[in-house]
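Here is my note on the model, as numbered points. Please read it with the structure open beside you.

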Amino acid sequence: PVGRWRMTRNLAIPYRTLLLTSVAASAICCGARAQSITNSGAVLVTAPSDQFRITAGETLTNTGSITLVLDAATPDAIAVTGDASTSVINSGLVHANETFTGGVGIHVTAGGSAGTIINTAGGTITAFGAGPAIAAIAVGDGQLPLVSVGTLANQGLIEATGGGNAAVNIAQYGSIGLLNNGASGTITSTAGPGGGIPVNITGSLGTLANSGLVSSIDGTAINVTVGGSLGAIANSHVIQAIGPDGIAISMQPITVIGSISNSGTSAAIIGGVNAIAMTGPVTGSGFLLNPVYPRTIASIINSGMILGLAGAAIAMTDGATITNGITNALGGLIQGGPPDGSGVAIDNTVQVGRSGANTLPLTINNAGLIAGGVNFGLGGDVLNITGSGMVAGTITGQPNSGGTVNFSPGGSYALVYPIVSVDTINVTSGALLIPPVGSSTIPISVTFNGAPVDDA
């Protein structure tokens with residue numbers, strides 16, 4: 001850089017520059033570092049010297065545009081290598097095109113961290129390209145040292161387009177404490193398999209709070225994979241994948257999500273196949289000879305809608321555990337397939353690389369509507385139907401596996417769909433009405449270990 005340096009409103013800028021309308025981080029490289037960096041102009045990032053590099057204690061505020069041009073010689077428009085006092089605030093445009101080495105709008109990298117990344121209402125952070133290292137926001141490098149963000153807050157648009165890898169990519173050894181997608185916020189991947197928010201290979205996300213839209217066209221909206229972890233999902237609006245699953249726990253080894261809360265009349269978790277899937281490969285190869293890879297969700301609590309359009313609302317394979325069970329509250333809908341009950345809403349028998357149903361137990365508490373069948377696993381599953389709760393689909397058990405259905409409707413519960421191969425049915429209050437087989441247009445049957453009960 002040319003010219004002498006002076007401080008103007010905490011900005012280290014060349015003497016000949018009076019107002020910071022557009023300045024690349026190359027102009028903030030020598031001598032005293034600025035504590036506050038503001039861009040209100042239009043910056044094209046074509047080389048590492050153009051890149052905004054935000055370090056410890058600095059705040060970048062962008063109200064203009066920062067664009068990483070196609071095939072630039074640097075992978076990131078904004079590289080953050082700071083600490084807990086570092087922040088990035090965007091109300092303008094940050095856009096990354098695919099380069100030879102990636103293409104990331106905001107990248108927390110090189111063992112650095114950021115206390116906060118804020119994308120305000122009207123702010124846009126996007127990435128365009130088809131490569132594996134494309135993301136609007138990326139946390140981590142896929143290798144040590146650890147990289148972290150305290151809070152990522154979004155009220156604007158965070159988007160991966162054109163086959164982009166992910167909207168928000170939490171890479172190996174990367175972590176975000178809180179991702180808060182507000183009521184006006186959208187986090188979306190419009191093309192490509194990367195999806196909305198992948199949590200990869202020992203990456204972690206403490207809490208995802210969504211009152212806006214998290215979506216993906218071709219990939220999973222939220223995918224926790226290969227040993228990743230997600231502490232809790234609190235959803236009050238829409239999480240949706242048009243193509244595959246809405247929320248997925250897949251691959252190996254131990255993969256964990258804490259509680260999933262889908263709360264409120266506008267809350268929806270929707271998958272083009274399954275809404276919530278714990279169905280990745282369960283067997284290993286080589287020195288790992290057919291282990292069962294554990295994947296765990298602490299609990300699923302629903303008072304909104306969980307909808308699997310072409311698969312199940314909740315699908316599980318061997319090794320999958322929902323520790324504290326599934327609770328479908330009054331007003332809640334859990335639906336797999338069409339609303340006529342011909343699909344499967346909760347499936348604990350999915351087989352991927354291993355024969356047989358899940359051997360781990362599942363408890364389902366239903367006071368709302370389950371539209372579609374419920375398939376028990378081999379671990380002694382329990383379905384509790386209380387109050388005005390209803391299952392509009394066949395309940396299918398595994399003979400001699402200890403499966404139980406408990407009814408406590410208060411009044412009466414009239415079966416419209418069969419209960420098959422369940423070991424125990426208890427009626428703790430009210431009455432269970434079982435019409436004779438053939439007495440209606442829909443044949444009704446209840447079997448205990450294959451022995452039919454044909455009349456009420």
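1. Start at Gln335. A polar atom of the Gln335 side chain lies 2.9 Å from the backbone oxygen of Gly337. This is a polar contact, meaning a pair of N or O atoms within 3.5 Å; within protein, one must be able to donate a hydrogen and the other to accept it, and residues adjacent in sequence count only if both atoms are side-chain atoms. Gln335 sits in strand β35, which covers residues 333-336. Strands are DSSP runs of E, at least two residues long, and helices are runs of H or I of at least four, all numbered from the N terminus.

2. Is Gln335 buried or exposed? Gln335 is buried, because its relative accessible area is 11% and the cut-off for buried is under 20% (exposed is over 50%, partly exposed is in between; 1.4 Å probe, protein chains only). Beyond its neighbours within four places in sequence, Gln335 is in contact with Ile306, Leu307, Gly308, Ala313, Ala345 and Ala371. Contact here means heavy atoms within 4.5 Å.

3. A word on the source. This is a predicted model, in which local features need pLDDT of at least 70 and side-chain atom pairs count only at pLDDT 80 or more, while totals for chains, interfaces and linings use all residues. Residues are numbered from 1 along each chain as its sequence is written, and side-chain values use heavy atoms, with hydrogens and water left out.

4. Next, confidence. The protein chain averages a pLDDT of 84, and 82% of the residues score at least 70. pLDDT is the predictor's confidence in each residue, from 0 to 100. Over residues 1-32 the pLDDT stays under 50, and the model has 63 contacts beyond four places in sequence for them. Residues 282-290 also have a pLDDT below 50; this stretch has 19 contacts beyond near neighbours in sequence. Where pLDDT is low, the predicted coordinates should not be read in detail.

5. Now the whole chain. The protein chain has 49 strands and zero helices. Of its 456 residues, 53% count as buried. Take the contacts between residues at least 6 apart in sequence: 70% of them join residues at least 24 apart. The chain exposes about 16,600 Å², with carbon and sulfur atoms supplying 61% of that area. Accessible areas come from the Shrake-Rupley method with a 1.4 Å probe; for residues, only the protein chains shown count as cover.

6. Look at strand β14, residues 134-139. Six of its six residues are buried, so β14 is largely enclosed by the rest of the structure. Strand β11 (residues 103-108) pairs with β14 in the parallel sense over five bridges. Two strands pair if DSSP finds at least two bridges between them. Val108 stands opposite Val139 in β14. β14 also runs parallel to strand β17 (residues 166-170), joined by four bridges. There, Ile137 stands opposite Val168.

7. Compare strand β43, residues 404-408. Four of its five residues are buried, so β43 too is largely enclosed by the rest of the structure. Strand β40 (residues 382-386) runs parallel to β43, with five bridges joining them. Asn384 stands opposite Asn406 in β43. Strand β46 (residues 424-427) pairs with β43 in the parallel sense over four bridges. Val405 stands opposite Ile425 in β46.

8. How many aromatic pairs does a search of the whole structure find? It finds one. Phe407 and Tyr413 form this pair, which is tilted, at 4.9 Å centre to centre and 55 degrees between the planes. Rings of Phe, Tyr and Trp (its six-membered ring) pair if their centres lie within 6.5 Å; planes under 30 degrees apart count as stacked, over 60 as edge-to-face and the rest as tilted. Phe407 is buried, with a relative accessible area of 1%. Tyr413 is buried as well, at 7%.

9. Asp347 is in strand β36, residues 344-350. Asp347 counts as buried, because its relative accessibility is 14%. Its side chain makes a polar contact of 3.4 Å with the side chain of Asn375. Contacts of Asp347 beyond four places in sequence include Ala312, Ile314, Ala315 and Met316. Asp347 and Ala277 are 70 residues apart in sequence, yet 9.6 Å apart in space, C-alpha to C-alpha.
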